[in-house]
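Morning, everyone. I have one structure to go through today, so let me put it on the screen.

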Amino acid sequence: MKIKDLPKNKNLRNIKFQHPITKEACYLESQWNSGIWYKKDPKNSNEVFPLFLDDLQDVLELEIVN
């Protein structure tokens, strides 16, 4: 399932997705004009990482991890 398959009113914060490059599980934190911020562990870390995207709409193609 991809993020675009979620209900339109779904809050995307803390959605667990597969990083498109490293293939590790990550948690979406927020977005900005050039991409998204994500966490590797939302409960035990305040550290966020950027994921740069050519088009912000590309976030809709990220795979959700169960």
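**Burial, fold and sheet**

Of the chain's 66 residues, 27% count as buried, where buried is under 20% relative accessible area with a 1.4 Å probe, protein chains only. This is a predicted model, in which local features need pLDDT of at least 70, side-chain atom pairs count only at pLDDT 80 or more, and totals for chains, interfaces and linings use all residues. Residues are numbered from 1 along each chain as its sequence is written, and side-chain values use heavy atoms, with hydrogens and water left out.

On to secondary structure. The chain has zero helices and four strands; helices are DSSP runs of H or I with at least four residues, strands are runs of E with at least two, both numbered from the N terminus. The radius of gyration, taken over C-alpha atoms, is 11 Å, close to the 11 Å that the globule rule gives for 66 residues, so the chain is as compact as a globular protein of that length. That rule is 2.2 Å times the number of residues to the power 0.38.

Now the sheet. It is open, with the order β1-β2-β3-β4 and antiparallel pairing; two strands pair if DSSP finds at least two bridges between them. At the edges are β1 (16-18) and β4 (49-52), each pairing on one side only. Strand β3, residues 35-39, is joined to β4 by four bridges. Across from Trp 37 stands Pro 50 in β4.

Last, contacts, meaning heavy atoms within 4.5 Å. Of those with a separation of 6 or more, 34% are between residues 24 or more positions apart.

Terms used: Buried < 20%, exposed > 50% of the residue type's maximum accessible area, 1.4 Å probe, protein only.
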